[in-house]
Amino acid sequence: MLTKQLNLILQCIKPTIGKGCAACIKLEEYQTAKAALELGLSYANGDSRFTRLLKECEERIAEEASQAPVKNVEAPATATVEDNADIANMENAQPVVEPPSKPKYRHDFYNSATDVVLTIFAKGVPADSVVVDFGEQMLSVSIEVPGEEPYHFQPRLFAKIIPEKSKYQVLSTKVEIRLAKAEQLTWTTLDYSGRPKALPQKISTPAETAPRPSYPSSKSKKDWDKLEAEVKKMEKEEKLDGDAALNKFFRDIYKDADEDMRRAMMKSFVESNGTVLSTNWKDVGSKKVEGSPPDGMELKKWEY
């Protein structure tokens, strides 16, 4: 009785099982279809439709197995071509170099016969904020103003200097440093790193100057060096009177003055209409210089 009922139920669901297995095969779900077909054959042994579908499933499963790539679970012993290319690119990559930051103050220098004059253009820096140390071939400059970024300049110098003869001066617009040369060489750069491989040319002194060439002439020979010395002596001993002597006196003062003294002289002379000449910038720099005519004279303004 039970076997008859099972056969009756199986007859009812066989079409559904067949359609479901066919759908799984089309969806390439071969393992699912195979399990369902084996279950169906266990109840309907010898059913030709189930046998045909099961055979098709097994063929598809075997085909998949033959085409599936073999995967190696272990880590590869050697790097792939892509890995080698990445490593080569990393090795050949140039390192990123950040550009040097711009210095806070600009500097420049020039040569004289005995000194190298270095100018650091630091305007309005208090004198007590500047520290300069001299070494045999080293220079250290520190400018530390409260509330501002500190400035440090420490080059290895182009050539040796005499520290005890070197000095510096803090002016209103700059810091002027005089480096006393240990050798009379022309510095082509300030820093030793820019020194040329060839030896720099020595500065010739008057004693080393070659004698002036003499040319054949029917006239008597002249001693040009002696003549030049006599002219200089005459200029030095020349006695001037009146305005000429006064102008020479003012020219000598202006020539030997520093920058602040020259500014004071120009400002006081112009603003006072030529009646005042001051060399004290602190006194005349912050005010207008009024005219001061000599006793017994009156200052008048001309109308244009």
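Is Lys 174 buried or exposed? Here are some friendly notes on that residue and its surroundings.

1. First, the ground rules. This is a predicted model, in which local features need pLDDT of at least 70 and side-chain atom pairs count only at pLDDT 80 or more, while totals for chains, interfaces and linings use all residues. Residues are numbered from 1 along each chain as its sequence is written, and side-chain values use heavy atoms, with hydrogens and water left out.

2. Lys 174 is buried, with a relative accessible area of 17% (buried means under 20%, exposed over 50%, partly exposed in between, using a 1.4 Å probe and protein chains only). Its side chain meets that of Glu 259 in a salt bridge at 3.8 Å, N to O (a side-chain nitrogen of Lys or Arg within 4 Å of a carboxyl oxygen of Asp or Glu). Lys 174 lies in the loop between strands S6 (167-170) and S7, and Glu 259 in helix H7 (residues 259-271), so the pair ties together parts 85 residues apart in sequence. Helices (H or I, at least four residues) and strands (E, at least two) are DSSP runs, numbered from the N terminus. Glu 259 is partly exposed at 28%, and a salt-bridge network links Lys 174, Glu 176 and Glu 259.

3. Further along helix H7, Glu 271 and Lys 267 are 4 residues apart, which means about one helical turn separates them. They form a salt bridge, with the closest N and O atoms 3.0 Å apart. Lys 267 is buried at 18%, whereas Glu 271 is partly exposed at 28%.

4. The whole structure holds 9 salt bridges. One of them joins Asp 115 to Arg 178, with 3.8 Å between the closest N and O atoms. This pair links distant parts of the chain, strand S2 (residues 115-120) and strand S7 (residues 175-180), 63 residues apart. Asp 115 is buried at 18%; Arg 178 is partly exposed at 28%.

5. Helix H3 (residues 48-67) gives the most, with 4 residues. Glu 58 is found in H3 and is partly exposed at 39%.

6. Lastly, strands S3 (residues 130-134) and S4 (residues 139-143) run antiparallel and are joined by 5 bridges (pairing needs at least two DSSP bridges). A hairpin connects S3 to S4 through 4 residues, and Asp 133 has Ser 140 as its bridge partner in S4.
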